Amino acid sequence: MAEELETASSVMSIATGDNPSAPPPPSTTTGGSGTNAVSRSAQLRFALNILPTVLGTTFKHFTAGPPCPSWPLKLHLLIALIRQSTDTSMKAASKGHIDDQPMSKDVILRRVKAARAQTNSFMTMLKIDPAKVLITPWSLERASVDRAVLLTNKDKAMDDALDLDGSLSGEFVDWLHPDVPKRDGVILYLHGGAYYMLSPQTHRMLTMTLSRVTGLRVLAIDYRLAPEHCFPAALHDALIAYTHLLKTFSPDNIFVMGDSAGGGLSASLLVYISKYGRQLGIPPPSGAVLFSPWLDLSSTSGPSWTDAEHDYLPKIKTVPPAEPYNPANMYAGAIPLDHEVMSPLHSGEALTGLGRILVQTGSIEALASDSLALHKYLSAPNRTSTTNNPTRYTIQLYAGMPHVFVSFPFLKETRTAFEYIGRFVAECYGEEAKDGESVVGKGCAWIGPKGEWESRLERESFTGSKMNKAVEAKL
């Protein structure tokens, strides 16, 4: 009991900046030096604001138990706090808006900016030890790339939207003394954030860990965000970065990785290469790792979108999503939500030419059906690839885990997931599988015990869904 109370105390100390191992609002540092971004009084106000949630959640944890048996108190608290933060920012952003009236662009932008400010204040405080990790800014003028690789000459909507103004920025992250020998390669990392928020800086814990467990440098890019920049701006930025890396690295030494929307964007990049790479001269990467990828913007892949009760992501109200503030609609703009590159699950045969991919998803998250639908599509009888880069996939579903659970470093499931990623990359480099057990091409694998909810996901995702009929019709 004393240990559990200490956990609650440590989560509270996040708010006041007293816990160096668990960053919150915030003291952002880069390269070992930085400035205090929030005053002590602001941190105290924040702590008082979350105190009822911390106390109430802790009481529930020890009386009624956590929502999922595998949850430690720290995860239970953090999910409750994320939900509170989301509710607070949404209420502030919608102040003065009447629900039954159409939402203006000004209101949408105000909501977006409020959400960005709220999340950035929580997620940019990780202190960087320059003795362990080197972070180097990177930028590239968009107009300097070969315009031809960004034009499909088949998809008019995508081609007409091409905009090469400005520069694409990002950062290289290099763990100086990784767990494995350094490799001559690179990871292109595409951050999550529902296509409208977050940045490479908010995802440094992930990119630093990926560099540590793989021995690779990581290039995390600050791709353009909605609603200011709708699809395909983010995809074009990913393509710009990928083709730029091809000038320095062999495609056999390039990996594409991303979480949530960034996982979906990574899949969109793979689909684009599968569909147009040969004609445009773009070779595929060595492999890809997708954390909780958002693969279906129409939300028609299965029940998790409407019925996932315990994830910190909000459930959607309608299928497909109809609210103008829904991130899918902000990102899509005038493009249909089931566009075959924007929503990779709808790309049909292109899904069979993605190469080696590892997907890691939590079973209780709102996006779980997307990963299961991908498995069901690829595992259908007589599903074969006509490309020279056939899909060899492993989809791991972690029982009881929420969206992008690898963001919570204290979980044993997170440590397991990163161990698998290290093994996946090693096998892509041609190294022998650990203990003779390959991570590549294993199909769907459950990590942890399945319950009633997981069984329902298996039954209802993709099979019999609207997406199933739509995808099959494209074949």
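How many of the residues of α11 are buried? I checked each one in this predicted model. Eleven of its eleven residues are buried, so I noted α11 as mostly covered. The list runs Ala368, Ser369, Asp370, Ser371, Leu372, Ala373, Leu374, His375, Lys376, Tyr377 and Leu378.

**Entry: the chain as a whole**

I counted 14 helices and eleven strands in the protein chain. Buried residues make up 56% of its 475 residues. I then turned to contacts between residues at least 6 apart in sequence. Of these, 78% join residues at least 24 apart.

**Entry: α11 against α13**

I went back to α11 and looked up its packing on α13. Helix α11 spans residues 368–378 and helix α13 spans residues 452–460. Their axes come within 9 Å and cross at roughly 50 degrees. That angle makes α11 oblique to α13. The crossing is right-handed. From α11, the contact uses Ala368, Ser369, Leu372 and Lys376. From α13, Leu457, Glu458, Arg459 and Glu460 take part. I sorted the contact residues of α11 with α13 by class: three nonpolar, one polar and four charged.

I placed Ser363 in the loop between β9 (356–362) and α11. Is Ser363 buried or exposed? Its relative accessible area is 0%, so Ser363 is buried. I looked for polar partners of its side chain. A polar atom there lies 2.8 Å from the backbone nitrogen of Gly400. I also listed what Ser363 touches, leaving out residues up to four places away in sequence. The list holds Ala368, Tyr398, Ala399, Gly400, Met401, Trp446, Trp453, Glu454 and Leu457.

**Entry: α6 against α12**

Next pair. Helix α6 covers residues 204–214, and helix α12 covers residues 412–428. I found their axes within 9 Å, crossing at roughly 50 degrees. This makes α6 oblique to α12. I logged the crossing as right-handed. On the α6 side I wrote down Leu206, Thr209, Leu210, Val213 and Thr214. On the α12 side I wrote down Phe418, Ile421, Gly422 and Val425. The residues of the contact of α6 with α12 divide into six nonpolar, three polar and no charged.

**Entry: α7 against α8**

At what angle do α7 and α8 cross? I read roughly 70 degrees, with the axes coming within 10 Å. So α7 is roughly perpendicular to α8. The crossing is right-handed. Helix α7 (residues 233–245) brings Ala234, Leu235, Ala238, Leu239 and Tyr242 to the contact. Helix α8 brings Leu265, Ser268, Leu269, Tyr272 and Ile273. By class, I have nine nonpolar, one polar and no charged residues for α7 with α8.

**Entry: Ser266 and Leu290**

I stayed with α8, residues 261–280, and picked out Ser266 within it. Ser266 has a relative accessible area of 0%, so I marked it buried. Beyond four places in sequence, Ser266 touches Leu190, Val256, Met257, Gly258 and Leu290.

Leu290 has 2% relative accessibility and so counts as buried. With neighbours within four places in sequence left aside, Leu290 is in contact with Gly258, Gly263, Ser266, Ala267, Leu358, Val359 and Gln360. I took one of these, Leu358, for a distance check. Leu290 and Leu358 are 68 residues apart in sequence, yet 6.3 Å apart C-alpha to C-alpha.

Which bonds are cis? I noted the peptide bond joining Ala226 and Pro227, with omega about 0 degrees. Pro227 sits in the loop between β6 (217–221) and α7. I also noted the bond from Val319 to Pro320, cis with omega near -5 degrees. Pro320 sits in the loop between α9 (304–307) and α10 (327–332).

Then positive phi in residues other than glycine. Tyr195 has phi near 70 degrees. I found Tyr195 in the loop between β5 (186–190) and α6. At 1% relative accessibility, Tyr195 is buried. Asp435 has phi near 55 degrees. I found Asp435 in the loop between α12 and β11 (443–447). Asp435 is exposed, with a relative accessible area of 73%.

Conventions: Residues are numbered from 1 along each chain as its sequence is written. This is a predicted model: local features need pLDDT of at least 70, side-chain atom pairs count only at pLDDT 80 or more; totals for chains, interfaces and linings use all residues. Side-chain values use heavy atoms; hydrogens and water are left out. Helices (H or I, at least four residues) and strands (E, at least two) are DSSP runs, numbered from the N terminus. Buried means under 20% relative accessible area, exposed over 50%, partly exposed in between (1.4 Å probe, protein chains only). Contact means heavy atoms within 4.5 Å. Axes are lines fitted to C-alpha atoms, for helices over the stretch in contact, and angles run from 0 to 180 degrees between N-to-C directions. Angles under 35 degrees count as roughly parallel, over 145 as roughly antiparallel, 65 to 115 as roughly perpendicular and the rest as oblique. A crossing is left-handed if the near helix is turned anticlockwise from the far one by less than a right angle, and right-handed if clockwise. Ala, Val, Leu, Ile, Met, Phe, Trp, Tyr, Cys and Pro count as nonpolar, Asp, Glu, Lys and Arg as charged, and the others, Gly among them, as polar. A polar contact is a pair of N or O atoms within 3.5 Å; within protein, one must be able to donate a hydrogen and the other to accept it, and residues adjacent in sequence count only if both atoms are side-chain atoms.
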